[in-house]
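Subject: Handover of a structure and notes on its contents

Dear colleague,

Please find below the structure that I am passing on to you. I would be grateful if you could look it over before reading the notes that come after it.

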Amino acid sequence: MRIAKRLPKNWKMMVRRESLVGCLALLLLTALSACVTAGGQYAQKSAETLAKRTDYLPLDRLTYRTLTIGELIDQEVGEADSVILLDQHEATYAKAFALPQWNEPYMVKIDSHVVGAMHDPAVFYPTVLFLDAGFREVRRSDPSAFTLRRDSFSGNAVLNGTLFVNKSNSEEAYMVIVSQRRHADNARALHSIAVQQTMVMVPVGGGMMMTWMLPGGARESSATMIPAASGRLKLRLENYRPVEMSGKPPK
């Protein structure tokens, strides 16, 4: 809404400027609307691509990249990777790593980036298989090891998990990251949405005032994760010093 005492000499320029602002706002709304279905479309496409693969490999035939403590891995997991049959029936892409020789406790930190807008977020929900030197599975991560961390600025989220390799499982030699897509049904993305607005009058020169609506509050909204067969992962190994419940380092 505009309140005017008189028509300024540069009123044509002001109209053009406001028209440009309106066009930019319309383009932004259009882009955001297109993003609303990005998560679902991404998940559907990744599932269709995976369904075409029949070149399943056993765990001992995968290519294992050697990890070092402190190294940051930032990679896409998807059609460029090998495919395995998890539990003999569920096809999944597999990211395979050789763990460093165990000398002291360390933790495996994994981030899986959520794809799509806040109304239909899709995510590659990691499951980590730990293997012994003979490529036999000796441990599997629990879905509860991963939690959803919200990015309140962008509205996106990251699925974050930390797994521990201690003396009790120091025989683990390899690690394979796969996706058990049913776990995504149990994760929910939280987003902060502005719902309260305050009207302010801003002077724009020439005796003109312009009305702006400023967000003044927020509420929480949630959306169930859509399981995706592929995604982007960040991985890092870090040493740590475990402590007993008493707060003392173990002997």
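This is a predicted model: local features need pLDDT of at least 70, side-chain atom pairs count only at pLDDT 80 or more; totals for chains, interfaces and linings use all residues.

The chain as a whole

The chain has 251 residues, of which 35% are buried. Its secondary structure consists of two helices and 18 strands. When contacts between residues at least 6 apart in sequence are considered, 75% of them join residues at least 24 apart.

Helix α2

Helix α2 covers residues 38–51, which makes 14 residues. Four of its residues, G39, A43, S46 and L50, are buried. Viewed down the axis of α2, the buried residues fall within an arc of 70°, and therefore they line one face of the helix. Q41, K45 and A51, on the other side of α2, are exposed.

G40 also belongs to helix α2. Beyond the residues up to four places away in sequence, G40 touches D120 and I226. Along the chain G40 and V115 are 75 residues apart, while their C-alpha atoms are separated by 8.9 Å.

Strand β12 and V176

V176 is located in strand β12, which comprises residues 174–179. The relative accessible area of V176 is 0%, so this residue counts as buried. What is V176 in contact with, once its neighbours within four places in sequence are left aside? The contacts of V176 are L59, L62, Y64, A94, K95, A96, T127, V128, L129 and L131. As for L129, it lies 47 residues from V176 in sequence, and the C-alpha atoms of the two are 5.0 Å apart in space.

The loop between β4 and β5

Two residues in this loop deserve a note on their backbone angles. Most residues other than glycine have a negative phi. D87, in the loop between β4 (82–86) and β5, has a positive phi near 55° and is not a glycine. Q88 is found in the loop between β4 and β5 as well, and its phi is also positive, at about 70°. Are these residues buried or exposed? D87 is partly exposed, with a relative accessible area of 41%, whereas Q88 counts as exposed at 70% relative accessibility.

The cavity

Rolling a probe the size of a water molecule over the atoms shows where empty space is left. In this model the count comes to one cavity of 30 Å³ or more. The largest cavity holds about 50 Å³ of space. Which residues line the largest cavity? The lining is made up of I73, Q75, K95, F97, I177, L233 and L235. The elements that contribute two or more residues to this lining are β3 (72–77), β5 (90–98) and β18 (231–239). By type, the lining residues divide into five nonpolar, one polar and one charged. K95, one of the residues of this lining, is also among the contacts of V176.

Yours sincerely,

A colleague

Note on methods
Residues are numbered from 1 along each chain as its sequence is written. Side-chain values use heavy atoms; hydrogens and water are left out. On a 1 Å grid over the protein atoms alone, a cavity is a set of points where a 1.4 Å probe fits but cannot get out, and a pocket is an open set with protein on both sides within 12 Å along at least five of seven lines; lining residues have an atom within 4 Å of a point. Grid points are joined across faces, edges and corners, and a volume is the space filled by probe spheres set on the points. Ala, Val, Leu, Ile, Met, Phe, Trp, Tyr, Cys and Pro count as nonpolar, Asp, Glu, Lys and Arg as charged, and the others, Gly among them, as polar. The expected span of a helix is 1.5 Å times one less than its number of residues. Buried means under 20% relative accessible area, exposed over 50%, partly exposed in between (1.4 Å probe, protein chains only). The arc is that of the directions from the helix axis to the C-beta atoms. Contact means heavy atoms within 4.5 Å.
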